[in-house]
Structure formats: structure tokens, C-alpha cells
Amino acid sequence: MSLARNRVYELVRSEIISCSLMPGAEIRESELAQRLGVSKSPVRDAMQKLELEGLVDIEPRRGHRVRAISVKDAEDIIELRLILETETVKKVARIASDAELRDLDRFRTADQSSAARFTEYNRTFHHALSLLSQNRRLSDETRRLMDVYDRLCIVSLSMLSGRGGFDDPLRDHIAIIDALQERNGNAAARVMRRHVTKSRSQILRALEKRPIIG
């Protein structure tokens, strides 16, 4: 991937995931190329890559549009999280070193000043758990999944903004860390399942109240 194409791809991807570009928003090649100071070619290449990732829809003769968030897609993402992450924490409890498990203490606190900041912390925490599995493919898939999940997370967590709004998911993270440091994989999996299931209800309620459902 050329430097120009990579720059366009990374920028637009970041704007989509952070909801700076809202689901359903139109992306005009000419306007984006002008804003970034590039030709249309790297913009077109980046759009094709984003389409493969399921973040952009390419409409023949009409241009590009940020893919809407559908209830079905949200449920599929959350179901995949349940499958991947409950098994991940079981494995981590077995194979991670004591030092690696102690290092998870850095996730016992989080920046709760905004939904975006907490979302970044949340993604980093779950990716850190996947890295401890020592399974590169599982870790890569979890990272991609959490990137896409960020859009859902920002939509739902924006409803929790305010003092103490993020306390409940943070408590779940702490409980997962406690269970892992005790090497109780089954307990960690139970908390993870509860954690993801609660986020499902929260996300679906948020999607019902926001005009971004595809």
C-alpha cells in the first residue's frame, strides 16, 4: 500500500470507527482528495479496502457511503465476542506468567472523561487479554473485532457519559483481572460472558434511539 493510500485509509478508517463520520454518511472522492491533498486514485484504493472490512459501501455511479450499523450486525459482532473472549480468558488463566497477570493491574483504572476515552481504554484492555493467549491469529481477530466494535461502543457509552457512568464496565474488568490473577479461568469466563451480555442490551437500546440503523 502506498504512503498516500495508507494515509487516506488510516484517516478515514479512524473517522468511521470514532463516528466522526457517522454511519450512512456519504463520502465524496473529490472532496476527500482535496481535503487530504491527494489524487483520487489513493482515495479510491482506500475505499476498496474499507469496503472489504465492511466499513464502507460502494454504490455504483453514486459513490461511497459509511456502512450503517444494523441490529443484526451488532448482534453478530457481540456473539463473536462471546465465543472468542470467554475462551481467551480461560486459556490466559492457564498459560500467562505471573508477571503478565500482575501487569493487568494497569487496567484497574480508566479515563472516564468521555465515551471516546473510555472506548480507547476498553479496546486496549481486551486486546491485551488476547495477546496473553499466545495465539497470533486469535489476537489479530480480536483486534479487528474490537476495532469494529468501537462504533457500537461509542454509540452505547455516549448514553453513560457523566460522573460514574462507566463504573459498571470498569468493575467487570477489575473482576476479570481478579479471577485471572487467581488463575480461575471459569470465573473469568463467567464475568466476561456477563460483561459482554450486558453490553449487548445497552448497545441494542442505544441503536433503537439513534438514527444509524441500516
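Author: A charge sits over a ring if NZ of Lys or CZ of Arg is within 6 Å of the ring centre and within 35 degrees of the ring normal. The model discussed here is predicted.

Reader: How far from the centre of the ring of tyrosine 149 is the charged end of arginine 81?

Author: The rule just given covers CZ of Arg and asks for a position within 6 Å of the ring centre. The charged end of arginine 81 sits over the ring of tyrosine 149, and its distance from the ring centre is 4.4 Å.

Reader: Is alanine 46 buried or exposed?

Author: Alanine 46 is part of helix 3, which spans residues 40-52. Leaving aside neighbours within four places in sequence, the contacts of alanine 46 are Arg5, Val8 and Tyr9. A residue under 20% relative accessible area counts as buried. Because its relative accessibility is 0%, alanine 46 is buried.

Reader: What is the C-alpha to C-alpha distance between alanine 46 and arginine 5?

Author: Arg5 is among the contacts of alanine 46. In sequence, alanine 46 and arginine 5 are 41 residues apart, while in space their C-alpha atoms are separated by 5.8 Å.

Reader: Which residues does valine 43 touch, not counting residues up to four places away in sequence?

Author: Valine 43 also belongs to helix 3. With a relative accessible area of 0%, valine 43 is buried. Its C-alpha atom is 31 Å from that of isoleucine 203, 160 residues apart along the chain. With residues up to four places away in sequence set aside, valine 43 touches Val8, Glu29, Leu32, Ala33 and Val38.

Reader: In what order do the three strands form the open sheet?

Author: Strand 1 (26-27) and strand 2 (56-59) are the edge strands, each pairing on one side only. Two bridges join strand 1 to strand 3 (residues 63-66), and four bridges join strand 2 to strand 3. The pairing is antiparallel, and the strand order is 1-3-2.

Reader: Which residue in strand 3 is the bridge partner of aspartate 57?

Author: Along the sheet, isoleucine 27 stands opposite histidine 64 in strand 3, and valine 56 stands opposite valine 66. For aspartate 57, the bridge partner in strand 3 is arginine 65.

Reader: Which residue takes a positive phi in the hairpin of strand 2 and strand 3?

Author: Strand 2 and strand 3 run antiparallel. Their hairpin has three residues between the strands, and the positive phi, near 65 degrees, is taken by arginine 61.

Reader: How many aromatic pairs are there, and how is the pair of phenylalanine 107 and tyrosine 121 classed?

Author: Rings of Phe, Tyr and Trp pair if their centres lie within 6.5 Å, and the count comes to five aromatic pairs. The rings of phenylalanine 107 and tyrosine 121 are 6.1 Å apart, centre to centre, with 50 degrees between the planes, and the pair is tilted.

Reader: Why does this pair tie together parts that are 14 residues apart in sequence?

Author: Phenylalanine 107 is buried at 4% relative accessible area, and tyrosine 121 is buried at 9%. The pair ties these parts together because phenylalanine 107 lies in the loop between helix 5 (98-103) and helix 6 (115-131), whereas tyrosine 121 lies in helix 6.

Reader: What is the angle between the planes of phenylalanine 118 and phenylalanine 166?

Author: The rings of phenylalanine 118 and phenylalanine 166 form a stacked pair, 4.8 Å centre to centre. The angle between the planes is 10 degrees.

Reader: Which residues form the aromatic cluster?

Author: The two pairs described above contribute to one aromatic cluster. Its members are Phe107, Phe118, Tyr121, Phe125 and Phe166.

Definitions and conventions
Residues are numbered from 1 along each chain as its sequence is written. This is a predicted model: local features need pLDDT of at least 70, side-chain atom pairs count only at pLDDT 80 or more; totals for chains, interfaces and linings use all residues. Side-chain values use heavy atoms; hydrogens and water are left out. Buried means under 20% relative accessible area, exposed over 50%, partly exposed in between (1.4 Å probe, protein chains only). Contact means heavy atoms within 4.5 Å. Two strands pair if DSSP finds at least two bridges between them. Rings of Phe, Tyr and Trp (its six-membered ring) pair if their centres lie within 6.5 Å; planes under 30 degrees apart count as stacked, over 60 as edge-to-face and the rest as tilted.
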